[in-house]
Amino acid sequence: MGIEEKRIEVGGLEWYYLEAKPESETDKAPVVLLHGIPAVSFCWTEVMPDLAQQGFRAIAPDWIGCGLSAKPNKSDFAYTPDAFVEALDGFLTSLNLDRFHLVVQGFLGSVGLQFALRHPEKVVRLAILNAPVTPKAKLPWKIQQLGLPLVGDMMTQDPLLVDRTLETGSGYTISEQDLDMYRRPFLKSSAAGRSLLTIVRNLQLKSAMGEIASGFPEWSQPTLVLWGTRDPWLPIDDAKAFAQILEDGEFIAIEEAGHYPQEHWSEPVIEALVPFLRRMAV
């Protein structure tokens, strides 16, 4: 199954996204895949063809400020969770996606979870891959540095920060070919670094975790917590504890994976994700 590169303008902001479609029409809900920091939609390219082969339309956008999507000045876009949730809702509405499965990962995954809590009627099933889910979650120092005064300004202009962060989080060496995809926005313009700096500074993780902690005990949609056990930043015990508070939650560990399991362990991700998405409601 091929992956198409697409763009759409919504509310004056251009979104870049990837899409993989099944060969024939399907009544299955589409799957929306959201990346973390400092990843981009490319991180889902090992997963998307398999989803399409199983009959799911798969859509993976670059968040505003990331990858090849628009990188507005902070005076034009706040880069707060509220701004991201509103922008994401506009993007999905423009694609006529009113009901879909949602898959979130990483430290922008918290924004995806906030979106789910604020729009539960749109989410059929939710899958969470190594994202902050409890008040114990903290931005790792590796990412905190990207938002520091002066230090962050310099670090976020260095394309090699992508290598260091992705490889530290995953615990694996990423191929030069793949790294070229992640570095590309930083090599094209200084706007990518400025946007990343602003994202880290405005993530509001503490308040986001408060919303998640208070909202998910009331969450009723089926939810898969799929976790790379070698994540150096988000402990597996917190993920297990979160799964236990869910009304319809399931926990699966991927023993050798780190913070970005879809990168190096796409096969076990698909092996867990597809049966979960195909399962009929009881």
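**Nonpolar core and helix packing**

The largest nonpolar core comprises 102 residues, and L51 and L102 have the most contacts inside it. The model is a predicted one. In soluble globular proteins, nonpolar side chains tend to be buried together. Apart from neighbours within four places in sequence, the contacts of L51 are V31, L33, F56, A58, I270, L273, V274 and L277.

Two packed helices are described by the angle between their axes and the distance between the axes. The crossing of α2 past α3 is right-handed. On the α2 side the contact is made by P81, D82, F84, V85, L88, D89 and L92, and on the α3 side by V111, Q114, F115 and R118. By class, this contact of α2 with α3 contains 7 nonpolar, 1 polar and 3 charged residues.

H119 lies in the loop between α3 and β6 (123-129). The relative accessible area of H119 is 17%, so this residue is buried, the cut-off being under 20%. Leaving aside neighbours within four places in sequence, H119 is in contact with V85 and D89. Both V85 and D89 belong to the α2 side of the contact with α3.

Helix α3 also packs with helix α9 (residues 205-215); the axes of α3 and α9 come within 10 Å and cross at roughly 40°. The two helices α3 and α9 are therefore oblique to each other, and α3 passes α9 in a left-handed crossing. In this contact, S110, L113, Q114, L117 and R118 of α3 meet L205, A208, M209, E211, I212 and G215 of α9. The contact of α3 with α9 has, by class, 6 nonpolar, 3 polar and 2 charged residues. Q114 and R118 of α3 take part in the contact with α2 and also in the contact with α9.

In the remaining pair, the axes of helix α6 (residues 160-170) and helix α7 (residues 176-188) come within 8 Å, with a crossing angle of roughly 135°. This angle makes α6 oblique to α7. The crossing of α6 past α7 is right-handed. The residues in contact are L160, L161, V162, D163, L166 and E167 of α6 and L179, Y182, R183 and F186 of α7. By class, the contact of α6 with α7 has 7 nonpolar, no polar and 3 charged residues.

Note on methods. Residues are numbered from 1 along each chain as its sequence is written. This is a predicted model: local features need pLDDT of at least 70, side-chain atom pairs count only at pLDDT 80 or more; totals for chains, interfaces and linings use all residues. Side-chain values use heavy atoms; hydrogens and water are left out. A nonpolar core is a set of buried Ala, Val, Leu, Ile, Met, Phe, Trp, Tyr and Cys residues joined through side-chain atoms within 4.5 Å. Buried means under 20% relative accessible area, exposed over 50%, partly exposed in between (1.4 Å probe, protein chains only). Contact means heavy atoms within 4.5 Å. A crossing is left-handed if the near helix is turned anticlockwise from the far one by less than a right angle, and right-handed if clockwise. Helices (H or I, at least four residues) and strands (E, at least two) are DSSP runs, numbered from the N terminus. Ala, Val, Leu, Ile, Met, Phe, Trp, Tyr, Cys and Pro count as nonpolar, Asp, Glu, Lys and Arg as charged, and the others, Gly among them, as polar. Axes are lines fitted to C-alpha atoms, for helices over the stretch in contact, and angles run from 0 to 180 degrees between N-to-C directions. Angles under 35 degrees count as roughly parallel, over 145 as roughly antiparallel, 65 to 115 as roughly perpendicular and the rest as oblique.
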